[in-house]
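Visitor: I have a model open and want to learn to read it. Please take me through its features one by one.

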Amino acid sequence: MTGSLTIKNGKYYAVLNVYENGKRKKKWISTDLPEKGNKRKAEQILREKLAEYERMEGIVNNDILFCDYVRVWLDHSSRKVDSVTMQSYELIANRHIIPYFSDTEIKLSDIDHKAIQRFIDTKAKNGRLDGKGGLSPRSLKHLKNIVNQTLNLALQNKLIASNPCQFVILPQINKYQSKFYTEKQLKALFSALADDPMFPLVKITLLYGLRRSELLGLQWDSIDFDRGTITIQHTVSKVTKVVAKNKTKNASSHRTFPLIDDAAEIFKAAKCQETQNRIAFGREYKENTYVFKWADGHPYSPDYISERFRNLLKKHNLPHIRFHDLRHSCASMLLSMGWNLKDIQEWLGHSDIKMTANLYSHLDIDRKCNIANSLGDMFKA
């Protein structure tokens, strides 16, 4: 597909040569850009429109820019991955990958490992959007992943002879050391939040080691008071927008717990409060099946929960941890009580025990001390 820029009434127009019903015709698209000083921006819009129409018609030009082929890959991926993953792909691509390669104007056919390595090195040095340094090794890995998948698609479509991404070197990712609260700190947390609306959410998260998405996804059909069970089967997540789905992060995350007495009391109180709120708000009440929500029935936003928790810790002079670190605190307590990594894997819903071991093996220090003391005592004897 071809196209050109034309100036009309002092503004740039992208004029595309398209086919409709087998006949060639020109399609005029306004860029809304004044003629003066905007040629470069107008050329970029022309390229984007050409790529958009080519994707719609299944056409890929051998001269396509790499940044435009990233858009092709995004469109291709949207048919294969869930909406939350797609939000993450779009956010990373539109913030980092497409703007960088749009400025370089490098073609897909010309991309090599040197060009990709320059991109990674640039982002490692000064990739943060706030201008305060480079991206973390983990973030760089996400960038490389999208570049790699884009090139794999091009390879599959026989637009390139090989994928040069395999030769790119990334900084080493340091092993993540999860933060957690001790038993003493958890008691202080419970005491500080005893009368706060966040207390039930914090308590349930700690009891069951839930992810934020699992906590906010709890619905009344997840809780069976008669059988005494709670089932994790629905999630509420957000990258750029809130997504609710009847699906967990992985198959292992779909799990059923016994209903602990403290949890049953929290859920019964929430049900009673919901009934009172429904009466108080009348027709203004927003009906839904979620357990944790505002008084008017409106579901909590994932961002609100994290921000509110951070502010509460600051208000009560408690050590800073993320809301997700309550999940790590649950794992820490289970380890201290003598449960092994397999037990913790199943409780937290990890798909692989290696993940559990990587995250929490360093917390099992008490039992390691007991081993060390036993060995020491044996040799003393």
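Visitor: Which residues is Leu189 in contact with, leaving aside its neighbours within four places in sequence?

Guide: Contact means heavy atoms within 4.5 Å. With those neighbours set aside, Leu189 is in contact with Tyr181, Val202, Leu206, Phe309, Leu313, Leu318 and Leu326. A word on the source: this is a predicted model, where local features need pLDDT of at least 70, side-chain atom pairs count only at pLDDT 80 or more, and totals for chains, interfaces and linings use all residues. Residues are numbered from 1 along each chain as its sequence is written, and side-chain values use heavy atoms, with hydrogens and water left out.

Visitor: Which residues touch the most other members of the largest nonpolar core?

Guide: Start with the terms. A nonpolar core is a set of buried Ala, Val, Leu, Ile, Met, Phe, Trp, Tyr and Cys residues joined through side-chain atoms within 4.5 Å. Buried means under 20% relative accessible area, exposed means over 50%, and partly exposed is in between (1.4 Å probe, protein chains only). Here the largest core has 40 residues, and Leu189, Val202, Ile204, Leu218, Phe267, Phe292 and Phe309 touch the most other members.

Visitor: Which elements each supply at least two residues of this core?

Guide: Helices (H or I, at least four residues) and strands (E, at least two) are DSSP runs, numbered from the N terminus. At least two residues each come from α6 (183-192), α7 (199-208), α8 (212-216), β5 (229-232), α9 (261-281), α10 (302-315) and α11 (325-336). α7 gives the most, with six residues. Another core, of 35 residues, lies apart from this one; among its members are Ile64, Ile98, Phe119 and Ala154.

Visitor: And the chain as a whole? How many helices and strands has it?

Guide: The chain has 14 helices and eight strands. Of its 381 residues, 41% are buried. Take the contacts with a separation of 6 or more: residues 24 or more positions apart account for 57% of them.

Visitor: How do I read a helix pair? At what angle do α2 and α5 cross?

Guide: Axes are lines fitted to C-alpha atoms, for helices over the stretch in contact, and angles run from 0 to 180 degrees between N-to-C directions. The axes of α2 (residues 66-77) and α5 (residues 137-156) come within 9 Å and cross at roughly 85°. That makes α2 roughly perpendicular to α5. The classes are: under 35 degrees roughly parallel, over 145 roughly antiparallel, 65 to 115 roughly perpendicular, and the rest oblique.

Visitor: Which residues make the contact?

Guide: From α2 come Phe66, Tyr69, Val70, Val72, Trp73 and His76, and from α5 come Ile146, Val147, Gln149, Thr150, Leu151, Leu153 and Ala154. They divide into 10 nonpolar, three polar and no charged. Ala, Val, Leu, Ile, Met, Phe, Trp, Tyr, Cys and Pro count as nonpolar, Asp, Glu, Lys and Arg as charged, and the others, Gly among them, as polar.

Visitor: How many salt bridges does a search of the whole structure find?

Guide: A salt bridge is a side-chain nitrogen of Lys or Arg within 4 Å of a carboxyl oxygen of Asp or Glu. The search finds 16. One joins the side chains of Glu214 and Arg255 (3.0 Å, N to O). Glu214 lies in helix α8 and Arg255 in strand β8 (residues 255-258), so the pair ties together parts that are 41 residues apart in sequence. Glu214 and Arg255 are both buried.

Visitor: Where do Glu274 and Lys271 lie?

Guide: Both lie in helix α9, three residues apart, about one turn of the helix. Glu274 counts as buried at 5% relative accessibility. Lys271, at 35%, counts as partly exposed. A network of salt bridges links Lys271, Glu274, Arg278, Glu287 and Lys293.

Visitor: What about backbone angles? What is the phi of Asn9?

Guide: Most residues other than glycine have a negative phi. Asn9 is not a glycine, yet has a positive phi of about 55°. Asn9 sits in the loop between β1 (2-8) and β2 (11-20). At 73% relative accessibility, Asn9 counts as exposed.

Visitor: And where is Asn317?

Guide: Asn317 is in the loop between α10 and α11. Asn317 also has a positive phi of about 55°. Its relative accessible area is 70%, so Asn317 is exposed.
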